[in-house]
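This note concerns the salt bridges of the model shown below.

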Amino acid sequence: ARPPGGRYAQRDPALHRPRARRAAVAMRLFVASGIFHPEPGGPATYLFRLLPDFQARGHEVRLLTFGDAPTDGYPYPVRRIPRRFLPLRVADYARAARPLAQWSDLIFVNSLGLPLIGLPRRPRVLKVVGDLAWERAINRGWIPPTEDIDTFQSRGYDRRVMLLKRQRSREVQRADAVIVPSEYLRQMVIGWGAPAERVTVIYNALAPDAAASARSPDEARAELGLPPGPLLLTVARLTAWKGVDALLRALARVPDARLLIAGDGPEEARLCALATQLGLTERVQFLGRVDRSALAVYFRAVDYTVLYSGYEGLPHVLLESLQSGTPVIASDKGGNPEVVRDDENGLLVPYPDEDALVSAIETAFSGDTRARLAAGTGAKLDRFRWPELVEQTAALLERVSAQ
C-alpha cells in the first residue's frame, strides 16, 4: 500500500517503503503509545518508522496517543488525546482505547503505564525500554535523582514507590509477549516476574534512512567552525542519570580536550553553572537540541562520542556514532556493553568512577588509539539493521496474534 499525501508524507522518507514480504494472514493492529511523531523521543520515532512496514506486510493499523499535533497525512488513522488535567486525559484515553481494542486482533503497547482499562480480551505485546517505576519515582522526587537503577530493582522504598514497582510488574506479567532492546533489559523484566519465555530481545536499529555523513572529519569541523584539537561529543537528554556532571569534572582534569554537549533537559542550568564553576567555559559548548541531519555532521567532526550514563537500554547514540566511523567512550552500564566492544570500537568505563573516566579520556588521545578504534567501528553492526528489527518484530506480533 502506498501512503497518501499530506504534509508529513511529503517531507519524511520514513513514510515511503520498498515493498515488504506480506504476512500469510492480515492482522488488525491497535497501537497504543504515550508519544508519537512529531514529538521527540525514541518511542515516537520508532513507531513512526515501523508502522508503514507493518502496512506493507498487509496489516491494518490504528494508533492512539497523547498530544495535540495534527493527525492528517499519516497512512493510518491516528487519534491524539489532549494532555489536559491528568485524571481527565487518563479517562479520555481509556474511553478511546475500548472501541479500538474491540476492532483489533492484537494490541501493541509501546509504553508501560498507559491507561488501558477495561478492554476486551485481546492478545497483547508490550515493548519495554526502561523501568517506568524508577523514572517516575525520580521525577516525582520520591527517590534521589542519582539512585542507581540496578540498586532500585531490589531495594525497598516507601509505599508510593513500591506501588509503582508492583504496577509495572503486573503489566509485564499480564502481557502475552514483551519486547526489549537488550539482554540487560530482558533480565531486568524477568526479575519483575515476567515469564522468561515471553521476553524477547529485538535490538534497536539504525533508522532506514540513516546514513553517515560523507564529509571527512576535517570538512565536518570546518563546516561547523570547530577548531583543531582533541574533541568530544555527548548527546543526551540532560537528566541526572546521564552522567554529564561526572564528564565535566573529568574534563577539568584533562588539559586541552574540548566537549560539545548536544541536548536539553531539566539539568541544563545546573550543568552550565557547573561548567563555569570548573573553569570550563572556553572548553565546553552547550549546543541545545540538535536535529539528526546536523548530528551526523557532528559525529564526523569529533574524535569520540561519550555516553557516561547510569542507565541505557540500548543507545541509538552509540550506534549512530559507530556508523559514522567515530569510536565511543561509554559507561559499562545497561545495554552499552552490548554495543561497545572494549578496546575494539571504543572504551568501556566503570560507573561511577571519575578516576576511571579521566584515565579513559587520556588513553583515548594517546598514541594510535583513536585510529585503531576508528578502524573497528563498522564491525558487527549488522545486528542493528532496520530490516532485521522489522522482520523480528512483525514475526513476533503475527505469531502472538495467531495463538
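**Notes on the salt bridges**

1. Arginine 95 has a relative accessibility of 47% and therefore counts as partly exposed. Its partner in a salt bridge is aspartate 92, with 2.5 Å between the closest N and O atoms. Aspartate 92, by contrast, counts as buried, because its relative accessibility is 14% and the cut-off for buried is under 20%. Both residues belong to helix 3 (residues 86-103), where they are three residues apart, about one turn of the helix.

2. The model is a predicted one, and the count of salt bridges in it comes to 27.

3. A salt bridge also joins the side chains of arginine 237 and aspartate 264, at 3.4 Å from N to O. Arginine 237 is in the loop between strand 8 (231-235) and helix 9 (244-251), and aspartate 264 is in the loop between strand 9 (258-262) and helix 10 (268-277), so the pair ties together parts 27 residues apart in sequence. Arginine 237 is partly exposed, at 46% relative accessible area, and aspartate 264 is likewise partly exposed, at 23%.

4. In the salt bridge between aspartate 355 and arginine 253, the closest N and O atoms are 2.9 Å apart. This pair links distant parts of the chain: aspartate 355 lies in helix 13 (residues 354-364) and arginine 253 in the loop between helix 9 and strand 9, 102 residues apart. Arginine 253 has a relative accessible area of 43% and is partly exposed.

5. Which residues are linked in a network of salt bridges? The network consists of Asp245, Arg249, Glu267, Arg270 and Glu354.

How values were computed
Residues numbered from 1 in each chain as written. Predicted model: local features only at pLDDT ≥ 70, side-chain atom pairs only at ≥ 80, totals over all residues. Heavy atoms only, no water. Salt bridge = Lys/Arg side-chain N within 4 Å of Asp/Glu carboxyl O. Helix = DSSP H or I, 4+ residues; strand = E, 2+ residues; numbered from the N terminus. Buried < 20%, exposed > 50% of the residue type's maximum accessible area, 1.4 Å probe, protein only.
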